Amino acid sequence: TTAEPTKEGEASDAGATYTNPEVQKYVNDYKVLLKEYTAAVNAKDETKIAELEDKIHELTTKEAEISVKITDAEEVTKFSDEISKLDDEADALADKE
């Protein structure tokens, strides 16, 4: 059995869920970009890497704007932890290229 391809903007794997749809979309979008970035780094596709680095940078500039939309203290912690993990993955990939 083959898995259905992940739709753009959809979480590629299970993770934290958020009550605010904008917050959830931000996290899902970041995961999708990170998955594409991983593939580009592994393929040594310099053009795609540069394109995705720009997209990741553009997305992460909105982090503060998104984080203020979280009103639940538990979700704030969850969001902070998840974004830190995603940032670390992106940094590790950048070091790998």
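User: How many helices and strands are in the protein?
Analyst: This is a predicted model, in which local features need pLDDT of at least 70 and side-chain atom pairs count only at pLDDT 80 or more, whereas totals for chains, interfaces and linings use all residues. Residues are numbered from 1 along each chain as its sequence is written, and side-chain values use heavy atoms, with hydrogens and water left out. Helices (DSSP runs of H or I, at least four residues) and strands (runs of E, at least two) are numbered from the N terminus. Along the sequence the pattern reads α-α-α-α, and the count is four helices and zero strands.

User: What percentage of the residues of the protein count as buried?
Analyst: Buried means under 20% relative accessible area, exposed means over 50%, and partly exposed lies in between (1.4 Å probe, protein chains only). The areas come from the Shrake-Rupley method, and for residues only the protein chains shown count as cover. Of the 97 residues, the buried share is 31%.

User: Is L93 buried or exposed, and which residues does it touch?
Analyst: L93 is found in helix α4. Its relative accessible area is 9%, so L93 is buried. A contact means heavy atoms within 4.5 Å. Not counting residues up to four places away in sequence, L93 touches L34, Y37, T38 and V41.

User: Why does Q24 count as buried, and with which residues is it in contact?
Analyst: Q24 is found in helix α1, which covers residues 21-43. Q24 counts as buried because its relative accessibility is 16%. Leaving aside neighbours within four places in sequence, the contacts of Q24 are A16, T17 and Y18.

User: How many salt bridges does the count come to?
Analyst: A salt bridge is a side-chain nitrogen of Lys or Arg within 4 Å of a carboxyl oxygen of Asp or Glu. One network of such bridges links K48, E51 and K55. By this rule the count comes to five.

User: Which parts does the salt bridge of K69 with E22 tie together?
Analyst: The closest N and O atoms of K69 and E22 are 3.1 Å apart. K69 lies in the loop between α3 (63-67) and α4, and E22 lies in helix α1, so the pair ties together parts that are 47 residues apart in sequence. K69 counts as partly exposed at 29% relative accessibility, and E22 counts as partly exposed at 43%.

User: How far apart in sequence are the parts that E82 and K31 tie together?
Analyst: The side chains of E82 and K31 meet in a salt bridge at 3.0 Å, N to O. E82 lies in helix α4 and K31 in helix α1, so the parts tied together by this pair are 51 residues apart in sequence.

User: Which elements give two or more residues to the negative patch?
Analyst: Patches are made of residues with over 30% relative accessible area and no salt bridge; like charges are joined within 9 Å, and nonpolar side chains (Val, Leu, Ile, Met, Phe, Trp, Tyr) within 5 Å. Asp and Glu count as negative, Lys and Arg as positive, and His and the chain ends are not counted; the place of a charge is NZ of Lys, CZ of Arg, CG of Asp or CD of Glu. The negative surface patch is formed by D45, E46, E53, D54, E58, D88, E89, D91, D95 and E97. The elements giving two or more of its residues are α2 (46-60) and α4 (73-96).

Conventions: Areas by Shrake-Rupley, 256 points an atom, 1.4 Å probe, with all protein chains shown as cover.
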